[in-house]
Amino acid sequence: MKLVLASKNEKKLREMQEILGHMGVEVCLQSQVGVDVDVEETGTTFEENSLLKAKAVMEASGMPAIADDSGLCVDALGGAPGVYSARYGGPGLDDVGRYRLLLENLKGQPRSARFVSVITCCFPDGSVITARGECPGTIAFAPMGEGGFGYDPVFFLPERKKTFAQLTPEEKNEISHRGQALRKFQKALEGHVSGAAERAPV
Ligand code: IMP
């Protein structure tokens, strides 16, 4: 089965391919099937935004489309940046600018946080699969590590004494919010595929 990823983020694509590839599911970027939609993330929850993205790309491509809406929720900031993680601090900031702003805003505050990922897959027959994963951790006092993307250098795992950016891609996938959501999604997809086979006329 081939799924179109509603994203331009190649690092997200790689994390998805790594997990879903094992079950024979091929994932490609929307640009690889000629889809150039930039969905406005107008929802206030990860579930809403994930559905908006998957549905728009499924409709534009006519193929099953998968979306991940994810973000970092910091307890001391009332769950911010949350669904606004990619836009934290406004359009002038890059990944480094955004995590620096976060470190600034967290000075003197408790540092517990979690990453959340909601995966949604929309099929042309109207069916939808959704799966959510969460990974708890803390916000480091300074960035560490070179791997990953986004807030990875400041997301610290106390039990491993490392940030996400200090893990190998395999280690990150094992515990990350996206890895957890994708493994739940994978199980649901297996059920969906065998259910479709049962429903198909013989
Ligand atoms: P989205 O592409 O609209 O879902 O935005 C998600 C944003 O959350 C990304 O741009 C990152 O800033 C952040 N984010 C989500 N997942 C991760 C991750 O695994 N590592 C680091 N940052 C992440």
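**Notes on the model**

1. Let's start with a side-chain contact: the side chain of Glu171 comes to 2.9 Å from the backbone nitrogen of Thr168. Please keep in mind throughout that this is a predicted model.

2. Where does Glu171 sit? Its place is in helix H4, which covers residues 169-175. Glu171 has a relative accessible area of 26%, so it counts as partly exposed, between the cut-offs of 20% and 50%. For orientation, Asp38 lies 133 residues from Glu171 in sequence, and their C-alpha atoms are 31 Å apart in space.

3. Helix H4 comes up again in the second largest pocket, where H4 and helix H1 (10-20) each provide at least two lining residues. Which element gives the most to this lining? That is H1, with four residues. The lining has 13 residues, and those nearest the pocket centre are Lys11, Arg14, Glu15, Gly148 and Pro169. By class, there are five charged, four polar and four nonpolar residues in this lining. The space in the second largest pocket is about 250 Å³.

4. The largest pocket holds about 820 Å³ of space. Its lining is made up of 31 residues, with Asn9, Lys12, Glu41, Lys53 and Ala86 nearest the centre. Helix H2 (46-61), S3, H3 and helix H5 (177-199) each contribute at least two residues to it. Strand S3 has the largest share, at four residues. As for the classes, you will find 13 charged, ten nonpolar and eight polar residues in the lining of the largest pocket.

5. Two backbone features are worth a look on your screen. Most residues other than glycine have a negative phi, and most peptide bonds are trans. Against that background, the peptide bond joining Ala80 and Pro81 is cis, with omega at about -5°. Pro81 belongs to the loop between strand S3 (65-74) and helix H3 (95-105).

6. The other backbone feature is at Lys161, where phi is positive, about 55°, although this residue is not a glycine. Lys161 is in the loop that runs between strand S6 (155-157) and strand S7 (162-163). Is Lys161 buried or exposed? Its relative accessibility is 65%, so Lys161 counts as exposed, the cut-off being over 50%.

Definitions and conventions
Residues numbered from 1 in each chain as written. Predicted model: local features only at pLDDT ≥ 70, side-chain atom pairs only at ≥ 80, totals over all residues. Heavy atoms only, no water. Buried < 20%, exposed > 50% of the residue type's maximum accessible area, 1.4 Å probe, protein only. Polar contact = N/O pair within 3.5 Å; in protein donor to acceptor, adjacent residues only side chain to side chain. 1 Å grid on protein atoms, 1.4 Å probe; cavity = no way out; pocket = protein on both sides within 12 Å on 5 of 7 lines; lining within 4 Å. Points joined across faces, edges and corners; volume = space filled by probe spheres on them. Nonpolar A, V, L, I, M, F, W, Y, C, P; charged D, E, K, R; others polar.
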